[in-house]
Amino acid sequence: MFGVVVLGVGMAGQVRIRDLVSPLPSSPAEKFSIKGFVSRRALEDQQSVKQIPLEEALSREDIHAAIVSTENSSHEEHVRSFLEAGKHVCVEYPMALSHAAAVQLWDLAAGKGKVLHVEHIELLTAEYKQLKKELSGKKLLEGSLHFTGGPLPAGFASLAFSGVSRLTWLVDLFGELSVTGASVEEDVEAQHVKLTARLLTEEQRPLTWIEERGPGLRRSKAISFRLACGTVDRLPEAPRDAVGLFAQDLCIFGQKLLGQVPDEALSAERRRILHCLQLAERIQQLAKGQA
């Protein structure tokens with residue numbers, strides 16, 4: 001059994017606690033035993049799980065792993081602290097707000113012999129799995145992905161990093177990308193911001209990623225992928241999975257701790273995650289007008 005602690009009790013943290021208290025039967029998630037949660041606030045028990053101090057979570061020998069569900073600006077600090085304390089770590093994306101910091105964290109995990117798992121539940125949704133099937137083996141001519149949503153909460157990074165899950169979709173669908181340009185339009189008073197990034201596939205096919213947030217904007221994704229054989233301009237309808245996304249991710253984390261994920265799959269995942277962070281960093285630089 002792996003003793004685990006959850007950092008952060010926002011929406012994602014609450015779901016993490018739920019999935020640990022009632023794990024998916026006959027799955028690797030049953031190998032976890034929740035030992036507490038950590039929060040900056042003094043809170044009552046959450047789903048019968050007690051709050052413990054951060055220092056205790058780092059030092060207790062019966063805590064083998066941490067799940068980091070805090071605001072993304074603090075991910076790097078928490079991941080580093082728990083790895084240095086000899087704990088396995090599961091962290092929500094983005095794992096860090098720079099490519100260099102992410103490389104350091106991977107190297108630290110390897111040096112400590114610990115698992116560093118970065119959650120990317122956007123790849124687990126039923127609609128994405130169906131979209132990937134529909135695009136498999138087809139030649140892209142050009143495409144776009146436009147995400148909208150409400151204003152980012154305090155403590156969250158710029159759109160390039162907070163929206164890295166959309167970059168992950170594009171890289172997972174079309175392979176490694178390069179950035180040819182980026183711009184940002186912002187109305188601070190209206191709390192509206194729009195990031196536009198121009199990308200190229202390795203076959204020199206153009207992709208546009210737009211990340212837009214502001215009051216009243218419904219959370220949605222609009223796609224348009226022009227292919228040699230036609231156009232895909234809407235997300236496919238797919239029945240919702242019986243198992244929740246975070247529960248699926250917890251099982252993947254458990255599989256890694258149990259040594260059930262092949263090394264080549266781990267290496268490919270690491271390469272994709274670092275590539276997406278490198279893209280996000282370059283997009284942020286260009287959007288700020290930096291060469």
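The axes of α1 and α8 come within 9 Å and cross at roughly 60°, taking axes as lines fitted to C-alpha atoms, for helices over the stretch in contact, with angles from 0 to 180 degrees between N-to-C directions. This is a predicted model, where local features need pLDDT of at least 70 and side-chain atom pairs count only at pLDDT 80 or more, while totals for chains, interfaces and linings use all residues. Residues are numbered from 1 along each chain as its sequence is written, and side-chain values use heavy atoms, with hydrogens and water left out. Helices (H or I, at least four residues) and strands (E, at least two) are DSSP runs, numbered from the N terminus.

**Where α1 meets α8**

- The crossing of α1 and α8 is right-handed, meaning that the near helix is turned clockwise from the far one by less than a right angle.
- On the α1 side, A12, V15, R16, D19 and L20 meet F246, A247, D249 and L250 of α8, contact being heavy atoms within 4.5 Å.
- This contact has six nonpolar, no polar and three charged residues (Ala, Val, Leu, Ile, Met, Phe, Trp, Tyr, Cys and Pro are nonpolar, Asp, Glu, Lys and Arg charged, the others, Gly among them, polar).

**The largest pocket**

- About 1500 Å³ of space lies in the largest pocket (on a 1 Å grid over the protein atoms alone, an open set of points with protein on both sides within 12 Å along at least five of seven lines).
- Of its 44 lining residues, A12, E92, F156, R219 and F246 are the closest to the centre; lining residues have an atom within 4 Å of a point.
- α1 (11-21) gives the most to this lining, with four residues, and α3 (75-84), α7 (164-174), β10 (220-227) and α8 (245-257) are among the elements that each supply at least two.
- The lining has 18 nonpolar, 14 polar and twelve charged residues.

**The largest cavity**

- One cavity of 30 Å³ or more turns up in the whole structure (a set of points where a 1.4 Å probe fits but cannot get out).
- The largest cavity holds about 40 Å³, a volume being the space filled by probe spheres set on grid points joined across faces, edges and corners.
- Its lining divides into eight nonpolar, two polar and no charged residues, with α9 (263-287) giving the most, three.

**Helix α7**

- Ten of the eleven residues of α7 are buried, so this helix is largely enclosed by the rest of the structure (buried means under 20% relative accessible area, with a 1.4 Å probe and protein chains only).
- G175 follows α7 and has a positive phi, near 90°.

Note on methods
Buried < 20%, exposed > 50% of the residue type's maximum accessible area, 1.4 Å probe, protein only.
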